[in-house]
Amino acid sequence: MPITIDSETFGNLYLTNRAGGPFTSDDEELVTTLAATAAIAISNARLYGDACRAQRLSETLNDVTAALLSSPHHDAFSIVTRHLASLTDADMASVIVSDGKENGLRVQDAWGTGAGLAEGTALRPRPMTVLFRGPWTVSPASGQDR
């Protein structure tokens with residue numbers, strides 16, 4: 001029996017080897033009800049997760065705004081990277097800015113694991129497309145562009 005809501009199937013519910021003989025129409029009705037209940041529970045859990053993420057985002061945006069407005073001495077990049085890392089559960093977040101040279105970039109601010117090694121690092125983009133999937137590692141600065 002598929003566990004489905006709004007044409008999205010979350011999984012299937014299987015019954016095998018009924019002890020009292022073949023499955024009855026009552027058994028089928030019970031499994032149908034259980035599958036519908038399971039689908040509703042899964043859907044509700046997803047909705048709850050989405051609501052929690054939205055609340056966390058709202059709180060983070062409020063915190064960032066308050067920190068930026070509270071004093072002219074706050075470093076905006078530091079505030080944003082710290083909150084971004086927290087909000088996304090990332091090991092590290094960074095802000096990369098132009099270094100004023102042709103196509104040159106540098107890590108302006110970083111927060112999290114390896115942030116101290118990443119900050120200030122010069123980046124020289126090359127004309128290629130690269131897709132990365134974590135986990136990330138940062139090597140000690142060697143004086144060369146990375």
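Guide: A charge sits over a ring if NZ of Lys or CZ of Arg is within 6 Å of the ring centre and within 35 degrees of the ring normal. Before I use that: this is a predicted model, so local features need pLDDT of at least 70 and side-chain atom pairs count only at pLDDT 80 or more, while totals for chains, interfaces and linings use all residues. Residues are numbered from 1 along each chain as its sequence is written, and side-chain values use heavy atoms, with hydrogens and water left out.

Visitor: Got it. Which residue lies over the face of Trp-111?

Guide: That's Arg-82, at 5.7 Å from the ring centre.

Visitor: And how many aromatic pairs does a search of the whole structure find?

Guide: The count is 0. To pair, rings of Phe, Tyr and Trp (its six-membered ring) need centres within 6.5 Å; planes under 30 degrees apart count as stacked, over 60 as edge-to-face and the rest as tilted.

Visitor: OK, zoom out. What's the pattern along the sequence?

Guide: It reads β-β-α-α-β-β-α-β, with 3 helices and 5 strands. Those are DSSP runs numbered from the N terminus: helices are H or I with at least four residues, strands are E with at least two.

Visitor: Which strands make up the open sheet?

Guide: The order is E3-E4-E5, with antiparallel pairing. Strands E3 (92-98) and E5 (122-123) are at the edges with a single partner strand each, so one side of each has no neighbour in the sheet. Pairing here takes at least two DSSP bridges between two strands.

Visitor: How many bridges join E3 to E4?

Guide: There are 7, with E4 covering residues 105-112. Ser-94 is opposite Ala-110, and Ser-98 is opposite Leu-105. Leu-105 also has a bridge partner in E5, namely Leu-123. E4 and E5 are joined by 2 bridges.

Visitor: What about the hairpin of E3 and E4?

Guide: It has 6 residues between the strands, and Gly-100 there takes a positive phi near 85°.

Visitor: Where does phi go positive in a residue other than glycine?

Guide: One of those spots is Ser-7, with phi near 60°, in the loop between strand E1 (2-5) and strand E2 (8-12). Another is Asn-17, at about 50°, in the loop between E2 and helix H1 (25-70). For background, most residues other than glycine have a negative phi.

Visitor: Are Ser-7 and Asn-17 buried or exposed?

Guide: Ser-7 is exposed, at 75% relative accessibility, and Asn-17 is exposed too, at 73%. The cut-offs are under 20% relative accessible area for buried, over 50% for exposed and partly exposed in between (1.4 Å probe, protein chains only).
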